Amino acid sequence: MNKIFVGLIFGAILGAIDGATAWFTPDVRTMMASIMVGSTIKGMLVGLLSGWFARKVDSVQWGILLGSVLGLAFAYAVAALQQDHYLEIMLPGFVVGAIVGFLTQKMGTPAPVKRTS
Amino acid sequence: MELSDSTLRHLCEVVDQPDLSGTRYQLGEELGRGGLGVVYAAHDTQLDRSVALKVMDADWAGEARLIARLEHPGIVPVYESGVLPDGRVFYAMKLVDGMRADRFAAVGPPLGERLRVLLRVGEALAYAHSTGVLHRDLKPQNIMVGRFGEVYVMDWAVEGVGGTPAFRAPEALADQRSDVYGFGALLRFLLPEAAPAALQAIAAKAMNQRPEDRYPDVPAVLREVERFQDGLAVEAYAETWWQRARRFARRNEVLLWLLAAYAAVKFLLFFWRPG
């Protein structure tokens, strides 16, 4: 399984789980379906980019850093759309991004090495 | 005429030294003495380089031929063999600049470095077995660790040589599993006092008195040691659930910290809602 696929799978699963935790916030329970879909897509995007990065760079630290930055950025975009719940969306998004970044570094087959000579 | 003790001693030493006239080598100091012969440092006058010269006690030309057949980075290459004027066989090989594994272990290197040396020895041994050659006398004194980390297995014994008691398998007929025993004994020797139980179990299994209860071959031992290094369970050691959990936690430390961070964030946000 290549790293981009690993990123997509784990991004989707963790994004969906993160979205599902919105159930613990009573005032957004009515929007559960859209939150879960949005969170899953957000996770998949982070996973896709982290997986692509992991194919290029073999470093757990950089993977975690990039994943968390991407997680934070996409979570900010989601929160900015609603103009609310910045902290509740961005903090977990940041950590989920870090986890996805870590997993793409640890799992999946790296890109084949290209020989230039 | 009477000779002094020192003169006699000198004469004895000179008589004992091999006569290298007619060869391209100049004799240097004695490096070691084994069951089959003596190893000297020597200088190759033709190629202007230092070599190790093993002079056999008897006509053991087979050993040189045996080693010359083995071409592996972990086996000292033989440059040339010949016969001295007194009929003794000698062979020249690479002079390794380093220390024996027993001295290496005495310096107190970290466990990872000890295992690296062991794995290099195992790779050389596995290669030799694949060509049908047994070592028969695997022990720390026959392993050299070079200055730059290179590892060499030396003194490949020929058939009929017994081996060293503490490292020798109990069975009379030597086969691959006898070398597995020696390899296990080497692992046990290289381990520090407070070595992990899994590694001690691997050594114990390799050194089982019954050959059929040992690992079938050296690569099987190598796989076990590599599994240990990767933080995986080893076949030779039955863990308790607590040890298994600790090993899992060590192996997945970063992931567990990240999951804990996520749980902590969610927990805090649940009890502390801004606005």
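**Close-up 1. B:Arg100 and its partner in the neighbouring strand.** In this predicted model, B:Arg100 has B:Met144 of β7(B) as its bridge partner.

**Close-up 2. The open sheet of chain B.** Three strands line up here in the order β6-β7-β8, with antiparallel pairing. β6 (98-100) and β8 (151-153) of chain B sit at the edges with a single partner strand each, so one side of each has no neighbour in the sheet. Going from one strand to the next, the twist averages 25°. As a reminder, strands of a sheet pair through backbone hydrogen bonds, either parallel or antiparallel.

**Close-up 3. A helix lying across the strands.** Here's helix α4 of chain B, residues 111-130, which lies across β7 and β8 of that chain. Relative to β8(B), α4(B) runs at about 45°.

**Close-up 4. Two helices packing in chain A.** Over in chain A, helix α2 (residues 32-56) packs with helix α4 (residues 86-106) at an angle of about 40°, and their axes are 9 Å apart. The crossing of α2(A) and α4(A) is right-handed. On the α2(A) side, the contact residues are A:Lys42, A:Gly43, A:Val46, A:Gly47, A:Ser50, A:Gly51 and A:Ala54. Facing them from α4(A) are A:Gly93, A:Val96, A:Gly97, A:Val100, A:Gly101, A:Thr104 and A:Gln105. Sorted by class, this contact between α2(A) and α4(A) has 9 polar, 4 nonpolar and 1 charged residues.

Terms used:
Residues are numbered from 1 along each chain as its sequence is written. Chains are lettered from A and ligands numbered from 1 in the order in which they are written. This is a predicted model: local features need pLDDT of at least 70, side-chain atom pairs count only at pLDDT 80 or more; totals for chains, interfaces and linings use all residues. Two strands pair if DSSP finds at least two bridges between them. Helices (H or I, at least four residues) and strands (E, at least two) are DSSP runs, numbered from the N terminus. Axes are lines fitted to C-alpha atoms, for helices over the stretch in contact, and angles run from 0 to 180 degrees between N-to-C directions. Two residues are in contact if their C-beta atoms, placed from the backbone, lie within 7 Å. A crossing is left-handed if the near helix is turned anticlockwise from the far one by less than a right angle, and right-handed if clockwise. Ala, Val, Leu, Ile, Met, Phe, Trp, Tyr, Cys and Pro count as nonpolar, Asp, Glu, Lys and Arg as charged, and the others, Gly among them, as polar.
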